[in-house]
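Me: I'm new to this one. Could you walk me through how to read a few of its features?

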Amino acid sequence: MFILNNNDPVPLYKQLYQQIRERVLSGQLVADARLPSVRVLANELAISRNTVDGAYQELFAEGYIYSRPHSGYYVSAHCHDATPFPPNLAPYRQKQLPELQQHFQYDFHPARLAPESFPAILWRKCFNSMLLEYRQVLSAYSDPQGEQELRSHIQRYLESSRGVLCQAEQIVICAGLQQSLDIVAHLLRTSHASVAVENPGYHLPRAVFRNHGYELVPVKVGPDGMDMTALKATSSTIAYVTPSHQLPLGYVMPVAQRLSLIDWAETGGRYILEDDYDSELRYQGKPVPSLQGLRPGGNIIYLGSFSKVLSPALRISYLVLPKGLLADYKRLFRDYFSTVPLPEQLTLAKFMSLGHWERHIRRMRTLYKKKHDALIACIESCFGSRAKITGQGAGLHVVVQFPGVALDEAGFIAKAGQHGIRLFPFSSFRVSGEPDPLQIMLGFGGMTIAEIEQGVELLSRIFHDRL
Ligand SMILES: Cc1ncc(COP(=O)(O)O)c(C=O)c1O
C-alpha cells in the first residue's frame, strides 16, 4: 500500500513515483511484476487517474517500468541493486569565426538560445546590488574553487531539481564544459589513459581529451544510450556520457543501463563523466533525475552548465567531484586562480538566492516548448512519413532521419545555405567525422516560431527537389 500525504508540499504524483521507485530499486517489486492499472490504483488511493498516470509516465520515461500493449505496466529487470534515491533529501548538503559571423535568415544551429531570453533587467538589478554589497571583496582574488555562496546555491538546486547529492565543497565553478573537463583530464591522467565517448556524441569534449593525450574510444549509442556491451569490450577506464538527453540523438538512458554503467565504474576503479547539460528543458513530465543521485558516493563526476537555460556567453559551468578526488584536486590546483570573474559569480548567486533562477527555468521551459511543438508539427506536415524524428520532448534540438533516402550531407547543407538556412552537420558528432545517409539536426532555440515554420518548409522543398 502506498501512503500519500495531501499536506506534503511534494505533489501527490511525485510521492507515488518515489514510493514505487524505491520498491523497484529495493527489489520489493520484482522484475516483470505487473503494476495495478491506473484506474484500480486511483480508486484504491482515492486520487485522480491523472495523478497515477503522471507517476507511471515518469517511471516509464526513466526505464523503471515498461508497458505491454493492452496489458499495462510491468517492472523492468536489472533495477534492483542500486542505492535507493533517498526519499527525503537529508542535508548532504579560426575556421569557425567567419561562419559564426555569417548571417543566416533561418539559423538551425543547436547551441543558440532565444535572443530575447536573457533576463537583462533582473541581471542588472542583481549586478547592481552585488556591487553595493560586495564592493570590498572585489579588491581581492576570489576562492579558486568558486564562490562559496554560489556553490551553496548550486548544491541546493542540484539536490532539489536534479537529485544530485553532494556538498558545496565538492563543487568547482568553471568557465564552461571544456574547462571543467580540462580539470578532470588533469586529475585522472596519472592513472587513466583512455576515454570512451558516445558515437555519435558531443564533439567538443573530444578535443580536450585528445589535447591531454588520452586515447579516444568511440562506443556506439542506441536508444538505451551508450552500448554497455560495447563499452565493456573496450579497455577504457573513463566514460563520458550524456545520459539524461543524449547529444545528439536525445535518448534517455534507462535506469537498468545506468546501474550497469555504475557497476562498470565501481568494479574497476573507473570513472563516469556525467554531462547533464540541458535537463531543465524537458517538455513532457519532469526532468529525468541524474545518474549521480543513484550512487552519490560513486565514481561519478557530474558536469553542469548555465549555457542552455541562462546564457552560453556568461561561461559559467560547474563540476561535482567525488569526495575521493578532492584531495588530488586541491593538490593539483592549489596554485590556480578561478577563471570565472567574481562579479559574475556573485551576481549569479544573488540571482539564485532571490528565486529568479527557478522562475527563469520555468519561463524558458514554456518558451522553448512552444517552439519545440511548432517544429515537430511543421516537420510532420512538410515531410510526413518520410521523416523520422528522434530526441523530441526535451532540449533545444531534434534530429530528423530519412529512412531509405540517400542524400549527401555536404551537398544538402550547401544547398540549404544558398537559401539562407544554416544547418549544423550531423557528421561532426561522429568520431570518424564521416557522413552517413542524411540526418539533419534542427536546433530551434534561437528562432522565432515563424522562422521555424518558414525554414522547415524551405528545407522540405530543397529535400523534395523543388528548389
Ligand atoms: C552536450 C553538451 N554539454 C555541455 C554543453 C555546455 O557547454 P558550455 O558549458 O561549454 O557552454 C553543451 C552546449 O551546447 C552541450 O551540447
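**Contacts and charges**

Reply: Leaving out residues up to four places away in sequence, Tyr-202 touches Leu-177, Tyr-240, Leu-247, Asp-275 and Phe-429. This is a predicted model, where local features need pLDDT of at least 70, side-chain atom pairs count only at pLDDT 80 or more, and totals for chains, interfaces and linings use all residues. Residues are numbered from 1 along each chain as its sequence is written, and side-chain values use heavy atoms, with hydrogens and water left out.

Me: Where does Tyr-202 lie?

Reply: Look in the loop between strand S5 (194-199) and helix H8 (204-211); helices (H or I, at least four residues) and strands (E, at least two) are DSSP runs, numbered from the N terminus.

Me: How many salt bridges does a search of the whole structure find?

Reply: Side chains of opposite charge can pair when their charged atoms come close. A salt bridge is a side-chain nitrogen of Lys or Arg within 4 Å of a carboxyl oxygen of Asp or Glu, and the search finds ten. One of them joins Glu-266 and Arg-295, 2.8 Å from N to O. Glu-266 sits in helix H10 (residues 255-267) and Arg-295 in the loop between S9 and S10, 29 residues apart, so this pair links distant parts of the chain.

Me: Is Arg-295 buried or exposed?

Reply: Buried means under 20% relative accessible area, exposed over 50%, partly exposed in between (1.4 Å probe, protein chains only). Arg-295 has 16%, so it counts as buried, while Glu-266, at 38%, is partly exposed.

Note on methods. Contact = heavy atoms within 4.5 Å.
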